Amino acid sequence: MRLKFLYITFLFSLNFYAQIDSSLLKRTQKDSTKQALNMDAVYNRPFLNIGKTPIAVGGYLEANWQRLSTDGVSEGHQLQARRLTIFMSSAISKRVKFLSEIEFEDGGKEIAIEFASVDVEFHPLVNFRGGIIMNPIGAFNQNHDGPKWEFTDRPISATQMLPSTFSNAGAGLFGKKYSNNWMIGYEAYFSGSFDNSIIENTENKTFLPAAKNNPERFEEINSGTPLFTGKIAIRNSKIGELGLSYMGGVYNKYKDDGVIIDEKRRVDVFAIDFNTTLPKVKTFITGEWAWIKVDVPSTYGQQFGKKQFGGFMDIVQPVLKKNILGWENAVLNIACRLEYVDWNVGTFNETGENIGYDIWSIMPAVSFRPTTQTVFRLNYRYQKQTDILGNPPATTAGFNIGISTYF
């Protein structure tokens, strides 16, 4: 309730400023020639400055219609207000900045602080960040804003295998270095971690996103051992960006009041991400792949996977760029997303046959961008998912139409 009150007060304040003088709100100008990495996504957004204050605000909205069916069974037409995100930044003093991101999902049913950190610059290569951080595993977790993507749904591998968007209380260092066409950046944080819910959940399988349902992770670490997340990325302005990341730590409560009650059990995640734009044709390609290893107790059934693997790749091709209906440089794109996840990599002990629990999906799309900050999206999903026994897969198919925009 307190968070809702603060949000209403915040909107009222903006309305108050607008009624006095609309010129008090000025759009922050971006240097479009400056190179950026995925790690810059939290600040690489359109902001509005409030008068002469050091505060800037912004946000984005996502809403869509969908009609999907699985093996011919459908819930009919669905209208969804998926998320409203508000972010606010402030230049506190020289080389000290603050940024927060609050997300309202499903019409306000879920409210979460996804990011709220203080950044202190000591040197371009040495910056401190502390607060609620987004763990830099892969690329999507940090670079998840709806208006940046041509698809209404977030990637399956990012949200149902990896726990995007995954935030924790934490602190660490980050930095970048430029050299002609090259840029290299790194991030390294210690933060809150996973807990036993990744193997004790309603999904009845190893499921890292279950840890997001535990709000206590912002106050205490189940194992008493911080989670480490590190990433290094390199970018060439003519080739693209390559990122390598790792996230790992002990997830179980192995000690209680100084008494050892279990052995330390780890979860380790490795990820690679890449993006590039092909010259001349301007085809944009981006994707990420991740490998997960979880130390599952031997007392658990084989449906709890010790290894998981998956990822996605988006291919976006501009086909038309011109003035349309008064919008200058509007863009029409065709796109396709390829996805795959195996929640249980391995074979059954008794038979040696492959364990199921995998899914693949192909999603062709058409998108229209009247401006770079707004996108209309038409997607078609065709998906097949197998159960643990590898029975004939369930087939899901259907359309999504949506809009997403910064404001």
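This is a predicted model: local features need pLDDT of at least 70, side-chain atom pairs count only at pLDDT 80 or more; totals for chains, interfaces and linings use all residues.
**Salt bridges, a buried glutamate and a nonpolar surface patch**

Glu 62, Arg 83, Glu 103, Arg 154 and Arg 377 are joined to one another in a network of salt bridges. In total, 20 salt bridges are counted.

One of the salt bridges is formed by the side chains of Asp 145 and Arg 45, with a distance of 2.7 Å from N to O. This pair connects distant parts of the chain, 100 residues apart: Asp 145 belongs to the loop between strand 8 (126-134) and helix 2 (156-161), and Arg 45 to the loop between strand 1 (25-27) and strand 2 (48-50). Asp 145 counts as buried because its relative accessibility is 1%, and Arg 45 is likewise buried, with a relative accessible area of 1%. In a further salt bridge, Asp 273 is paired with Lys 231, and the closest N and O atoms are 3.1 Å apart. Asp 268 forms a salt bridge with Arg 266, in which the closest N and O atoms lie 2.8 Å apart. Asp 268 is buried, at 12% relative accessible area, whereas Arg 266 is partly exposed, at 36%.

Glu 187 is located in strand 10 (residues 182-191). Its relative accessibility is 3%, and Glu 187 therefore counts as buried, the limit being under 20%. The side chain of Glu 187 makes polar contacts with the side chain of Gln 142, at 3.1 Å, and with that of Tyr 189, at 2.8 Å. When residues up to four places away in sequence are set aside, Glu 187 touches Met 39, Arg 129, Pro 136, Gln 142, Leu 173, Phe 174, Thr 229, Gly 230 and Lys 231. Lys 231, included in this list, is also the salt-bridge partner of Asp 273.

Strand 10 also holds Ile 184. Ile 184 is partly exposed, since its relative accessible area is 36%. At least two residues of the patch are supplied by each of strand 10, strand 11 (227-236), strand 12 (240-250), strand 15 (266-277) and strand 16 (284-294). Strand 15 provides the largest share, three residues.

Another glutamate, Glu 105, is placed in strand 6 (residues 96-105). With a relative accessible area of 19%, Glu 105 is buried, because the limit is under 20%. Apart from neighbours within four places in sequence, Glu 105 is in contact with Arg 82, Arg 83 and Glu 110. Glu 105 and Met 183 are separated by 78 residues in sequence and by 35 Å in space, from C-alpha to C-alpha.

For the protein as a whole, the secondary structure consists of two helices and 21 strands. The radius of gyration is 22 Å, which agrees with the value near 22 Å for a compact globule of 407 residues. Along the principal axes, the C-alpha atoms fill a box of roughly 70 × 55 × 50 Å. Buried residues account for 46% of the 407 residues. The accessible surface comes to about 20,400 Å², and 60% of this surface belongs to carbon and sulfur atoms.

Conventions:
Residues are numbered from 1 along each chain as its sequence is written. Side-chain values use heavy atoms; hydrogens and water are left out. Helices (H or I, at least four residues) and strands (E, at least two) are DSSP runs, numbered from the N terminus. Buried means under 20% relative accessible area, exposed over 50%, partly exposed in between (1.4 Å probe, protein chains only). A polar contact is a pair of N or O atoms within 3.5 Å; within protein, one must be able to donate a hydrogen and the other to accept it, and residues adjacent in sequence count only if both atoms are side-chain atoms. Contact means heavy atoms within 4.5 Å. The radius of gyration is taken over C-alpha atoms; the globule rule is 2.2 Å times the number of residues to the power 0.38. Accessible areas come from the Shrake-Rupley method with a 1.4 Å probe; for residues, only the protein chains shown count as cover. A salt bridge is a side-chain nitrogen of Lys or Arg within 4 Å of a carboxyl oxygen of Asp or Glu.
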